Amino acid sequence: ENIERFISSPTTVESFKSEFCRQLRYEQGVDLVDARTEDLYQALARTVRSAMVDGWIATQASHRAAKAKTVAYLSAEFLMGPQLENALLSTALTEVARTALAELELDLDELTAYETEPGLGNGGLGRLAACFIDSLAAKSIPAIGYGIRYEYGIFRQTFVDGRQVEQPDRWLVKGSPWELAQPENSVTVNFGGHTEQYTDETGAPRTRWVPAEQVLAVPYNYMVPGFETRNVNTLRLWSAKATDAFDLQIFNSGDYESAVRRQTVAENISKVLYPEDSTPQGKELRLKQQYFFVAASLRDYLDTVLRDDDLSTLPERVVFQLNDTHPVIGVPELMRILLDERGLGWDEAWDITRRTFNYTCHTLLPEALEVWSVDLLGRLLPRHLEIIYRINEDFLGLVRETYPGDELRVRRMSIIQERPERAVRMAFLATVGSTKVNGVAALHSQLLADKVLDDFSALWPEKFTNVTNGVTPRRFMRLSNPGLSGLLDEAIGTGWTNDLAQLAKLEPFADDASFRAEFRAVKQANKERFVRLLAQRDGIELPADALYDVMVKRLHEYKRQMLKLLHVVTLYDRVLKGEVKASDLQPRVVVFGAKAAPGYKMAKEIIHLINRVAAVVNNAPELEGRLRIAFPANYNVTLAERLIPAADLSEQISLAGKEASGTGNMKFALNGALTIGTDDGANVEIRQLVGDENFFLFGMDEPAVQALEDRGYNPTSYYEVDAGLRGAIDLISSGLFSDGDRTAFEFVISDLLYKDRFMVLADYRSYVDTQDRVEVAYRDEDAWTRSAILNVARTGFFTSDRSIQDYLDRIWHAPAKPIA
Ligand code: 26Q
């Protein structure tokens, strides 16, 4: 029976209005006149959601019928950002919704602004996953994102006396209108216990895992609509629930209280996103999260989606992409399923497993590489540890065969590290267990193969490849920058949104004076829009007529927010010393946005320092309002969407060789900001594309950093010879920013002077001189605007559509399956 005869998706103004009112009355249970914004938002979101369901159902049916090869993107984080506008864009219902609401005397923009975003990620890696699933859908690739439905996402940042204070992100308390729970497709995930040997019917020796605990994984589906395609993919996030069978012994023993307590322990698994985005802490619960979502995802894919008894062709049906090492326990998990549950032999199981997984690395910092102690792993996942040992044994056999007598190499390459404790090196396991390993920008992939994984790239050169990151132009241009989008539509047509190479057609407009004037007007309007938002959101008052100099990213020493701050303090110091007249300063608004991991002391001290400098500088009469610092708390995707279109100058100033790629750098360039940056991550490729004359390069490159490290770096020597640097540091130490307390920032300052692991002082002079050139360049309005337009015209490469095409060509080989 074709049920489409009885139902229809709300795609006209009339049907949209009708579905919205039905949602409001029968699902929210309120009348229009009594509805609060919350009710209206929920009803609107559910109305738009319902417009995606037909495509979603058709997509799943078509993929199943075609036995299409599927990309399964395994990621502990998906930093999706607000959903409503994007869903409207993808269903082409924005104007329908606007009109329908207006006829009910409601305002679409007010309701989209009401949304609180799901913050299920820390930063770059999580946002990349979100851009990638958007592009996979837009390109009609059969794909599914698998992750965790954290009850609490990344903490909400507040400032108390200038210090970061974290508040829980209770994003689910009112329920999410975007999710569809599917408890009937729950799967069981096991932990603990021991393994046993036995002989099967055929007399063959077998192993089985006898777990001690089990947890239920409940799937919540999010529809992922693609721009200008009917295909709607799935993001499946897992939530942990205690099983009924949970610790039956305890219930039977009558100890009701501790049975209930054990229940909370199970449900803690998906409770909270870990806010550390480097230096993993080796916490048991984090490992449980990783195994929980990966085991649930593999089980779901094999049993529910694939429903195929024959796993020998698995590599032709699915490709599991590991977003960093967080899901790498999936490698021994698939081995366990093939060996212990499906009865395959080791060699066949290993061949299938290796051909099914690929690994993306996102770091170069040694302290960010995950290791899990053998002790903990063996306690939580005894069978997996056995399998990892066997994988390592076979692998080291190959190393010995290839390099006879080279035991030093064997020890270097072992998946098991011996010191300081026996632990599993997850990046090595991922590399050995995958077909392809990729870095996230050209320089990063190079350094990965030459430094972090050099022994592996020597052994398997063809395994290593690069896929430069990208960002979705739907969210980060079309939605977030309607002014620029309209201008582009008029100049080069509307095709750029899913074919960003077309931005090249903008190039000649850089020389068109009237186009430049329009481009400048858009930038100005975006500044004004941002200024209004910040007044409303944070009570921060800013001038719109200034150079907007923006540094937004997680707070990390290697990203060098301190370098930016030293520049600001230098500008102030010059005026205080009378070297520069305030009236000669280019009016500048410096915007910071950054969360620090709650346990990262140095990062938190730097946040405090920025806020204290801001408090003084913003009120310094000497500056005549020409230098302002804005540090809005709780930088997130929602704020990024307003801020990035308003920026003139994009700060990408990490120490060369430390930032794997960066993706903010791409968003800024695509929105017409010029970059001041080091030769690091994707900055290298941005500069190559936009040209040296449209990019402010400064600082040491990676080989120079390496050379300085090898010679021995002494930060104090820079302080001693550079009066400008001395002035800035002395001003901070003088107590001017700390009510006369000269020791308040000792922790930060003494580290800079005596350690400075990320060579802030070494790059200071180059940075400040380059900022002086920025100021001069900005005063030439026409030349600046020309450069800004060329940045847009030449950075179409950085669409995540191109990244996904690269993954398809080099790694996934999964054809598009557009539905009718
Ligand atoms: C690991 C184990 C335990 C707890 C936490 C973690 C963890 C969580 C998040 C480790 C790392 C992250 C996030 C890393 C990240 O965001 N890396 C960034 O990835 C971007 C996308 O590729 C790059 O552009 C950035 O350069 C890189 O820093």
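Predicted model: local features only at pLDDT ≥ 70, side-chain atom pairs only at ≥ 80, totals over all residues.
**Domains and the contact between domains 1 and 2**

- According to the domain assignment, the protein has domain 1 (12-66 + 83-116), domain 2 (67-81 + 117-274 + 284-468 + 806-812) and domain 3 (473-798).
- The C-alpha centres of domain 1 and domain 2 are 34 Å apart, and 19 residues of domain 1 are in contact with 18 residues of domain 2.
- On the side of domain 1 that touches domain 2, the elements giving two or more residues are α2 (37-66) and α3 (84-91), and α2 gives the most, with 12 residues.
- That side of domain 1, divided by class, has eight polar, seven nonpolar and four charged residues.

**The largest nonpolar core**

- In soluble globular proteins, nonpolar side chains tend to be buried together.
- The largest nonpolar core here has 241 residues, and those with the most contacts inside it are Ala72, Ile133, Phe292, Leu429 and Leu643.
- Helix α9, which covers residues 284-306, contributes the largest share of this core, namely 11 residues.
- Leu643 touches Phe530, Val550, Val552 and Val591, when residues up to four places away in sequence are not counted.

**A three-stranded sheet**

- Three strands, in the order β13-β15-β14, form an open sheet in which the pairing is antiparallel.
- Strands β13 (371-373) and β14 (416-417) stand at the edges with a single partner strand each, so one side of each is left without a neighbour in the sheet.
- Strand β14 is joined by two bridges to the antiparallel strand β15, residues 423-425, where Ala423 is the bridge partner of Gln417.

**Helix α17 and Phe464**

- Helix α17, residues 442-452, has Leu443, His444, Ser445, Leu448, Ala449 and Val452 as buried residues, and what covers them includes β16 (437-439), α18 (454-459), β17 (464-466) and α26 (683-690).
- Phe464 lies in strand β17 and counts as buried because it has 20 C-beta neighbours inside 10 Å.
- Leaving aside neighbours within four places in sequence, Phe464 is in contact with Val437, Ser445, Ala449 and Ser457, and two of these contacts, Ser445 and Ala449, are among the buried residues of helix α17.
- The C-alpha atoms of Phe464 and Arg299 are separated by 29 Å, while the two residues are 165 residues apart along the chain.

**Glu720**

- Glu720 has its place in helix α28, residues 715-721, and this residue is exposed, because 12 other C-beta atoms lie within 10 Å.
- Between the C-alpha atoms of Glu720 and Ala76 the separation is 46 Å, and the two residues are 644 residues apart along the chain.

Definitions and conventions:
Residues numbered from 1 in each chain as written. Pairing = 2+ DSSP bridges. Helix = DSSP H or I, 4+ residues; strand = E, 2+ residues; numbered from the N terminus. Domains from an automatic or database assignment. Contact = placed C-beta atoms within 7 Å. Nonpolar A, V, L, I, M, F, W, Y, C, P; charged D, E, K, R; others polar. Core = buried A, V, L, I, M, F, W, Y, C linked by C-beta atoms within 7 Å.
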